[in-house]
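Q: Before we look at any single feature, could you walk me through how such a model is read?

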Amino acid sequence: MAESAEASRKTTARIVWDTADKYLRNIVDEEDYGDYILPFTVLRRLECMLADSKDDVIKYVDAFAGMPQHLIDIAVKDRFGLGFYNVSPLDLATIASVDDNVDKSLKSYIDGFSNNIADIWVSFDFNRRAKVLADANRLHAVVKHFSTLDLSPNSLSDTSMGDVFEDVMYRAFNKKGKAAGNFYTPRDAIRLMVDVLISNDDDTIAADHAARSVYDPTAGSGGMLLIAQEALKGTNGKVDVTLYGQELMPSAFALGKADLLIQGGRPDAIKKGNTLVEDLYADQTFDYVLSNPPFGIDWEVEEESVREQAKIPGSRFSHGLPGTSDGQMLFLAHCASKLSPAGKNGQGGRAAVVSNQSPLFNSDNGPNSIRQWLLEEDLIDAIIALPTSMFYGTGIATYVWILDANKDSERKGKIQLIDGSGQWDSLRKPMGDKRREVGKDHRAKLLEAYKAFEYADPTISRVMTPEDFMFRDVPVYKQARFATRFSEEAVEAVGGRRDFAEGHEAIMRSLDGTAWNDLPKAFLLAAKAAGLKAPVGLIDAVMKAMAVPDDSAPLAVDRKGKSVIVPGWKITERVPLSEDLNDHMEREVLPYAPGAQWDENKAKHGTDIPFTRIFYVPEEPRPLASIDADVERLMADLATAFKGVSEE
């Protein structure tokens with residue numbers, strides 16, 4: 001039976017797509033097929049969902065003529081249990097029964113849907129796409145085709161319909177390639193995020209009246225919300241999972257809202273809007289937050305609004321603002337602000353947020369401040385490195401930040417880094433930049449590492465403290481050691497000065513071998529004895545001209561007693577706050593730079609998470625014997641080649 005149901009889902013999806021390809025070819029670009037097929041798939045599913053009660057609903061609504069629309073919606077919900085409805089006497093079969101005015105009939109039918117889902121058709125740009133088909137004399141054929149598909153709940157459960165829609169979306173996005181990355185997160189990445197996110201849900205998840213909320217501020221096509229819901233219900237089929245999302249891009253909003261709707265979701269589960277400008281769930285926090293915000297997207301358009309919000313102490317953006325060229329960390333801060341505080345049972349909200357490398361170590365003041373806040377508040381539970389070439393629109397390295405508002409006791413004050421960059425399988429057919437996937441076995445290995453925590457395989461997991469990622473950039477310098485030597489070059493170096501007199505040369509000669517640190521006083525006394533002036537500018541010039549490096553000499557100080565640094569010798573040493581400064585210098589600096597000194601008072605504090613460096617394993621150099629053997633073999637080959645040329 002299960003095999004039959006699976007075959008049915010695949011067959012339905014194939015019919016939808018193959019027929020679409022048949023009717024749309026040479027009418028629209030192949031990469032745009034999904035922009036036409038997905039809306040019609042949604043329309044047919046909604047039609048099938050409403051079919052049994054539609055006549056009764058129309059009569060019922062007619063009886064409330066003149067009543068405000070929102071009150072009618074409430075009345076229909078109470079009477080029929082429907083979150084949406086359609087009051088048009090038309091349906092796809094009726095429209096397809098005649099071939100005249102199909103476009104007008106279809107528009108009238110769409111206009112008959114309740115207001116709470118009208119934004120789906122607007123965001124799909126449905127009327128314009130229908131006109132394209134009508135102008136090409138294909139609309140009637142497409143309407144007729146979809147009117148014959150049985151997408152009713154009796155034939156396809158919500159889950160099965162979700163699979164069909166997922167299949168059609170995948171095929172559509174496979175045509176779009178890289179462009180799919182704008183609103184479609186790979187399901188293997190989402191499943192890994194969800195697996196880790198819900199892995200430590202407390203015992204109350206098993207209760208008969210358990211409830212969980214899931215939120216995605218960049219909802220896209222709704223995949224994160226739906227997969228999280230599926231996973232939670234897999235834990236307890238009775239759990240009440242409420243989904244919340246917000247999405248800016250019209251096409252993605254339409255897909256997300258429609259996908260939730262055709263699987264029995266609430267019409268208002270996903271709201272349309274710009275999360276950075278206006279949080280449409282401003283007064284709410286959630287048990288689970290998932291997000292794959294855009295990488296490197298400019299937020300200059302939203303800057304004025306964001307800066308005004310940042311002025312409010314304790315608000316989501318009050319902890320720092322990144323440069324306007326990349327808004328990733330704004331979303332990271334936003335997600336952290338949406339976590340439910342710890343409840344009576346100790347469970348707090350958790351988030352999984354995708355980013356590229358930039359939020360790990362961007363040293364600008366804004367990102368640094370946001371990182372500092374996350375570290376100090378102990379909100380970072382884990383960071384997981386994903387394989388490269390995981391996403392449709394980019395092949396760069398990506399990471400998942402796991403945030404937790406109330407960590408388990410053994411994880412408090414600690415952060416787990418998990419290197420999943422090597423846990424992948426090659427895709428049989430690349431899709432855009434996506435060439436790899438994290439399969440079930442690899443997900444299981446990464447989840448096992450997360451659960452094992454401090455006992456995990458150290459080659460892929462490290463447990464650190466927040467202080468390990470807080471650092472001091474300490475200026476390190478080497479103090480010079482000078483002897484005093486007279487030379488003609490020294491005289492030439494100061495001889496052009498206006499304050500240099502003929503008698504000063506004799507004084508310089510007499511001071512040859514004087515301790516360099518004593519030179520200011522000795523030169524001044526000798527000049528007075530000779531009846532010559534010795535301005536401070538001349539003294540400094542003489543000191544510089546007569547200085548000769550000498551490792552046996554005392555550490556050099558200038559006329560004012562300040563240390564003299566070896567010219568060109570100054571470095572900055574990054575020292576984690578978790579390490580004692582002097583111990584670090586003795587271990588990491590002094591063995592390679594004897595005599596180096598540092599000034600902690602001039603240190604600059606910051607944060608970074610050097611993920612790659614922490615897991616870096618240097619490759620063992622090849623044995624010299626092996627290299628020599630290769631060289632000998634190469635030389636022998638060259639000799640043979642030269643011999644052959646000369647014999648010719």
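This is a predicted model: local features need pLDDT of at least 70, side-chain atom pairs count only at pLDDT 80 or more; totals for chains, interfaces and linings use all residues.

Q: Where does Ser160 lie, and which side chain does a polar contact join to that of Ser160?

A: Helices (H or I, at least four residues) and strands (E, at least two) are DSSP runs numbered from the N terminus, and Ser160 belongs to helix α10, residues 158-176. A polar contact is a pair of N or O atoms within 3.5 Å; within protein, one must be able to donate a hydrogen and the other to accept it, and residues adjacent in sequence count only if both atoms are side-chain atoms. Here the side chain of Ser160 is joined to that of Ser157 by such a contact of 3.1 Å.

Q: How many helices and strands does the protein chain have, and is the chain compact or spread out?

A: There are 25 helices and 17 strands in the protein chain. The radius of gyration is taken over C-alpha atoms, and the globule rule is 2.2 Å times the number of residues to the power 0.38. For 648 residues that rule gives 26 Å, and the chain's value of 36 Å is well over it, so the chain is more spread out than a compact globule. Along the principal axes, the C-alpha atoms fill a box of roughly 120 × 85 × 50 Å.

Q: Into which domains is the protein chain divided?

A: Domain bounds come from an automatic or database domain assignment, which here gives domain 1 (1-176), domain 2 (187-464), domain 3 (472-476 + 565-615) and domain 4 (481-549). The C-alpha centres of domain 2 and domain 4 are 68 Å apart.

Q: How much of the chain is buried, and which residues of α15 are buried?

A: Of the 648 residues in the protein chain, 47% are buried. Helix α15 (residues 328-337) is mostly covered, with 9 of its 10 residues buried; among them are Met329, Phe331, His334 and Cys335.

Q: How should I read the salt bridges, and how many does the structure hold?

A: Side chains of opposite charge can pair when their charged atoms come close. The criterion is a side-chain nitrogen of Lys or Arg within 4 Å of a carboxyl oxygen of Asp or Glu, and the structure holds 29 such salt bridges. In one of them, the closest N and O atoms of Arg44 and Glu47 are 2.5 Å apart; both residues are buried, and, being 3 residues apart in helix α2 (residues 33-50), they are separated by about one helical turn. Another joins Lys107 to Asp111 at 3.0 Å between the closest N and O atoms; both lie in helix α6 (residues 102-111), 4 residues apart, and Lys107 is partly exposed at 40% relative accessible area.

Q: What is the exposure of Arg587 and of Glu588, which form a salt bridge?

A: Arg587 is partly exposed, with a relative accessible area of 41%, and Glu588 is partly exposed as well, at 36%. Elsewhere, salt bridges that share partners join Arg350, Asp381, Asp404 and Arg411 into one network.

Definitions and conventions:
Residues are numbered from 1 along each chain as its sequence is written. Side-chain values use heavy atoms; hydrogens and water are left out. Buried means under 20% relative accessible area, exposed over 50%, partly exposed in between (1.4 Å probe, protein chains only).
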